[in-house]
Amino acid sequence: MNLNQITVPSINVENAIAFYEKLGLQLIVKSLPNYARFECPDGNSTFSIHLVDKLPQGTGVYVYFECDNLDDKVELLKNKGVKFDQEPIDEKWLWREARLKDLDGNQLILFFGGENRLNPPWRIT
């Protein structure tokens, strides 16, 4: 089994398209006003946005995007006007993470996990 895509809710897909293009995702399907799909710049996964009448309540969706050059990527995005809730920091689970929210409040985490992404010292074997 391989993960194909993650879909997040949006109350305005057209605005969300511009936001995710700014992050560096490549738009491959545009079916306004209901749906958009992107190809991630690295790997084979895709990411999509689906129109909803009402956003979910509570903590919502968390989406992790891995970046080899996390600090450089965050600086590039900040220069494009993207606002971060958390600058890159080293976490106790051995990943470096920066956090932001998309226009609909979905939590996005840009991170670098390196070898620890799949093989942390506490991995079950």
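**Patch, sheet and salt bridges**

Me: Which residues make the nonpolar surface patch of about 310 Å²?
Reply: First, this is a predicted model, where local features need pLDDT of at least 70, side-chain atom pairs count only at pLDDT 80 or more, and totals for chains, interfaces and linings use all residues. Residues are numbered from 1 along each chain as its sequence is written, and side-chain values use heavy atoms, leaving out hydrogens and water. A patch takes residues with over 30% relative accessible area and no salt bridge, joining like charges within 9 Å and nonpolar side chains (Val, Leu, Ile, Met, Phe, Trp, Tyr) within 5 Å, with areas from the Shrake-Rupley method, a 1.4 Å probe and, for residues, only the protein chains shown as cover. The nonpolar one, about 310 Å², is made by Trp93, Leu94 and Trp122.

Me: Is Trp93 buried, partly exposed or exposed?
Reply: Trp93 sits in the loop between β6 (86–90) and β7 (96–101); strands are DSSP runs of E, at least two residues, and helices are runs of H or I, at least four, numbered from the N terminus. Buried means under 20% relative accessible area, exposed over 50%, and partly exposed in between (1.4 Å probe, protein chains only). At 31%, Trp93 is partly exposed.

Me: Which strands stand at the edges of the open sheet?
Reply: Four strands form this sheet with mixed pairing, in the order β1-β4-β3-β2, where pairing takes at least two DSSP bridges between strands. Each edge strand has a single partner, so one side of each is left without a neighbour in the sheet. The edge strands are β1 (5–10) and β2 (26–31).

Me: Which residue in β4 is the bridge partner of Gln5?
Reply: β1 and β4 (residues 46–51) run parallel and are joined by six bridges. For Gln5, the partner in β4 is Thr46.

Me: Which residue in β3 stands opposite Ser31?
Reply: β2 and β3 form a hairpin with three residues between them. They pair in the antiparallel sense over five bridges. Opposite Ser31 stands Tyr35.

Me: At about what angle does helix α1 run to β4?
Reply: Helix α1 (residues 13–23) lies across β1, β2, β3 (35–39) and β4. Axes are lines fitted to C-alpha atoms, for helices over the stretch in contact (heavy atoms within 4.5 Å), and angles run from 0 to 180 degrees between N-to-C directions. For α1 against β4, that's about 155°.

Me: How far apart in sequence are the parts that the pair Arg96 and Asp71 ties together?
Reply: These side chains meet in a salt bridge (2.9 Å, N to O), the cut-off being a Lys or Arg side-chain nitrogen within 4 Å of a carboxyl oxygen of Asp or Glu. Arg96 is in strand β7 and Asp71 in helix α2 (residues 70–79), so the pair ties together parts whose separation is 25 residues.

Me: Are Glu97 and Arg99 buried or exposed?
Reply: The two side chains meet in a salt bridge at 3.1 Å, N to O. For comparison, Glu87 forms one with Lys78, and there Glu87 is partly exposed at 37%. Glu97 and Arg99 are both buried.

Me: What is the relative accessible area of Asn106?
Reply: Asn106 lies in the loop between β7 and β8 (107–112). Leaving aside residues up to four places away in sequence, Asn106 touches Val8, Pro9, Val61, Leu100 and Lys101. Asn106 is buried, with a value of 3%.
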